[in-house]
Structures are given as C-alpha cells and as structure tokens.
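Hi,

Here is the structure I promised to pass on. Have a look first, and then read on for what turned up in it.

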Amino acid sequence: MATIAVFNQKGGVGKTTTALNLLAGIALGGARPLGLDLDPQAHLSHVFGVQPRVADDSIYSFFVRQRPLADVVVITRSGVPICPAHLELAKLDSMLGKGVNIVTRLRSALHVTEPPDGPVVIDCGPLINVLSLNAVFACDLLLVPVSADYLALQGAKAVDRALDALEPVFKRRLPRRYVLTRYDNRRRMSSDVASQLTEALRPEEICATRIRESVKLAESPALALDVFRHAPESHGAHDYRALIDELVGAGFLH
C-alpha cells in the first residue's frame with residue numbers, strides 16, 4: 001500500500017486533474033486505489049459524480065465524528081472508491097486546531113486501524129491547514145504539480161521550504177516529486193520554468209515525465225471523465241500513463 005498526496009500551495013496547477021488521472025490510471029492497471037478528497041471545494045468528488053448532501057456523508061465525519069473511513073467510502077460510477085469532500089471541511093481548522101493527535105489522525109487510520117488494500121491518492125486544497133497537514137503526515141510521497149508558469153514555480157519553492165521545516169518532526173526528508181503540468185515546448189516560458197525548477201530544487205526530485213498542455217485533458221473533468229475514458233489516445237492519457245510508470249519505477253507504486 002502506498003499513499004500519495006497531491007499538493008501545491010498555488011491553485012490552478014492541476015492538482016485535481018493529477019489526482020483524478022492517477023486514480024483512473026492505477027485502476028486501469030488492475031489495482032484498486034482509494035481516493036480521498038480533502039479539498040473543501042470538492043472538485044474531485046464532483047468529477048466522480050459524488051456530491052454529499054450533508055457533511056456527515058463526507059470525509060468531514062471522519063475528522064469530526066471519528067467515523068471509520070470505510071463508512072464514508074462511495075463506489076463511483078467508474079468503479080473507483082473515494083471518500084468525498086464537503087464544503088464544511090473549511091471549518092475544521094477552527095474546530096479542531098492543529099494538535100499532534102489531530103494532524104496524524106489520517107495517518108493512524110491508513111497505517112494502523114484501516115489499512116486499505118490498494119494505493120491511496122489524496123487530493124489536497126491549496127492551503128497549509130489541518131487537512132493538508134493530515135495528508136503530509138499520512139503520505140509516503142508528496143506529489144507537487146507545477147504548471148509551467150512563474151507563479152506556480154514560486155508555489156513549488158514554498159512547498160519545498162515548508163517540507164524542509166517539518167524535517168525535525170519527521171526525522172527524515174519527506175519523499176517528494178515535482179511534476180511539470182500544462183507544459184508546451186513551443187512556449188519559452190515552459191522551458192524557462194523547467195530550467196528554473198531544476199536550479200531551485202533537487203533535480204532527482206523532479207519527475208522526468210511532463211504533462212503536456214492538452215485540450216482533451218483540460219476538458220475531461222468538465223465532462224465528469226478522467227482522460228483515459230474521455231480520450232485514451234490523447235497526449236494527456238499518454239503522459240499520465242508515463243507518470244504512473246515513473247512512480248512505479250521509483251518504488252512509490254507497485
């Protein structure tokens with residue numbers, strides 16, 4: 001079992017698109033992944049066609065009522081099980097705080113009391129809060145999508161600094177990988193961002209796979225589809241297959 005958290009402090013970089021297509025691609029490979037939507041905007045849940053009417057039917061109840069994750073899992077129409085999000089998740093910081101027992105609640109569930117059968121993919125919101133900290137403490141790998149623009153690059157640097165600050169808590173370097181998204185080799189900015197990313201971060205922590213700019217990839221969430229079902233021969237499907245293969249090769253997925 002591997003847990004991958006998809007996070008960047010900047011919005012609009014492809015976090016939900018990446019989480020969606022990792023889940024879909026892993027499922028196509030024969031495994032049974034579990035999706036956890038920790039973003040109060042609930043975009044991942046919506047794409048999978050799951051919209052809980054009340055907060056207690058979402059992962060909110062895991063944090064607030066301490067319900068088992070298995071009780072809030074929904075099998076989506078694509079066959080991928082997810083624990084959906086709800087807007088009420090935005091209130092958790094003021095309700096729960098950031099004590100050690102709070103920020104490690106998800107880790108305890110996934111690694112001790114409720115270990116899932118397959119890989120777990122967590123879609124995080126763009127804030128460092130109780131939800132994203134739960135994801136960071138629970139994950140075996142933090143995957144940081146970085147769209148090929150300068151502001152996303154700054155967001156990636158901020159994530160790296162935040163993770164470095166947590167090293168004394170973990171007593172190790174938290175495994176992380178940065179993946180360029182919305183990459184277009186016809187645009188100078190894309191190549192500039194790729195070069196600056198290599199200069200700013202450890203090159204071995206930057207994925208060789210680049211997720212290319214793709215109309216089919218961009219439009220698939222609006223159609224409530226992953227790219228493999230929407231356009232299996234597209235650049236987007238090819239690139240996410242390559243990303244999964246790269247993560248398998250690095251030992252983060254099996």
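Let's start with a quick one: is Asp239 buried or exposed? Asp239 is buried, because its relative accessible area is 3%, and buried here means under 20% relative accessible area, with exposed being over 50% and partly exposed in between (1.4 Å probe, protein chains only).

Before the rest, some housekeeping. This is a predicted model, in which local features need pLDDT of at least 70 and side-chain atom pairs count only at pLDDT 80 or more, while totals for chains, interfaces and linings use all residues. Residues are numbered from 1 along each chain as its sequence is written, and side-chain values use heavy atoms, with hydrogens and water left out.

**The sheet**

Helices (H or I, at least four residues) and strands (E, at least two) are DSSP runs, numbered from the N terminus. Two strands are said to pair if DSSP finds at least two bridges between them. On that basis there is an open sheet of 8 strands in the order 3-4-2-5-1-6-7-8, with mixed pairing. Its edges are strand 3 (74–75) and strand 8 (206–212), each of which pairs on one side only.

Because 7 of its 7 residues are buried, strand 6 is largely enclosed by the rest of the structure. Leu141, Leu143, Pro145 and Ser147 point one way, Leu142, Val144 and Val146 point the other way, and all are buried. On one hand, strand 6 pairs with strand 1 (residues 3–6) in the parallel sense over 3 bridges, with Leu142 as the bridge partner of Ala5. Strand 6 also pairs with strand 7 (residues 176–183), again in the parallel sense, over 6 bridges; there, Pro145 has Val179 as its bridge partner.

Moving along, strand 7 and strand 8 pair in the parallel sense over 3 bridges. Tyr183 stands opposite Arg212 in strand 8, and Leu180 has Arg210 as its bridge partner there. To get from strand 7 to strand 8, the chain passes through helix 11 (residues 188–200), and this β-α-β crossover is right-handed. Right-handed means that, with the strands pointing away from the viewer, the path from the first strand over the helix to the second runs clockwise.

**Helices against the sheet**

Helix 7 (residues 105–113) lies across strand 1, strand 2 (34–38) and strand 5 (120–124), and runs at about 170° to strand 2. For that angle, axes are lines fitted to C-alpha atoms, for helices over the stretch in contact, and angles run from 0 to 180 degrees between N-to-C directions.

Thr18 counts as buried because its relative accessibility is 0%. Leaving out residues up to four places away in sequence, Thr18 touches Val6, Leu143, Pro145, Thr181 and Tyr240, where contact means heavy atoms within 4.5 Å.

**Salt bridges**

What does the search of the whole structure find for salt bridges, and how many? There are 14 of them, each being a side-chain nitrogen of Lys or Arg within 4 Å of a carboxyl oxygen of Asp or Glu.

Back to Asp239: its side chain meets that of Arg212 in a salt bridge (2.8 Å, N to O). The pair links distant parts of the chain, with Arg212 in strand 8 and Asp239 in helix 14 (residues 235–249), 27 residues apart. Arg212 is partly exposed, at a relative accessible area of 29%.

Asp160 and Arg176 form another salt bridge, with their closest N and O atoms 3.0 Å apart. Asp160 lies in helix 9 and Arg176 in strand 7, so the pair ties together parts that are 16 residues apart in sequence. Asp160 is buried at 10% relative accessibility, and Arg176 is buried at 0%. Both belong to a network of salt bridges that links Asp160, Asp164, Glu167, Arg173, Arg176 and Glu205.

**Cysteines**

Finally, how many disulfides does a search of the whole structure find? The count is 0, a disulfide being a pair of cysteine sulfur atoms within 2.5 Å. The sulfur of Cys124 has its closest cysteine sulfur in Cys139, 8.0 Å away, which is too far for a bond. Cys207 is in no disulfide either, as the nearest cysteine sulfur, that of Cys139, is 14 Å away. Cys124 is buried at 2% relative accessibility, and Cys207 is buried at 6%.

Cheers
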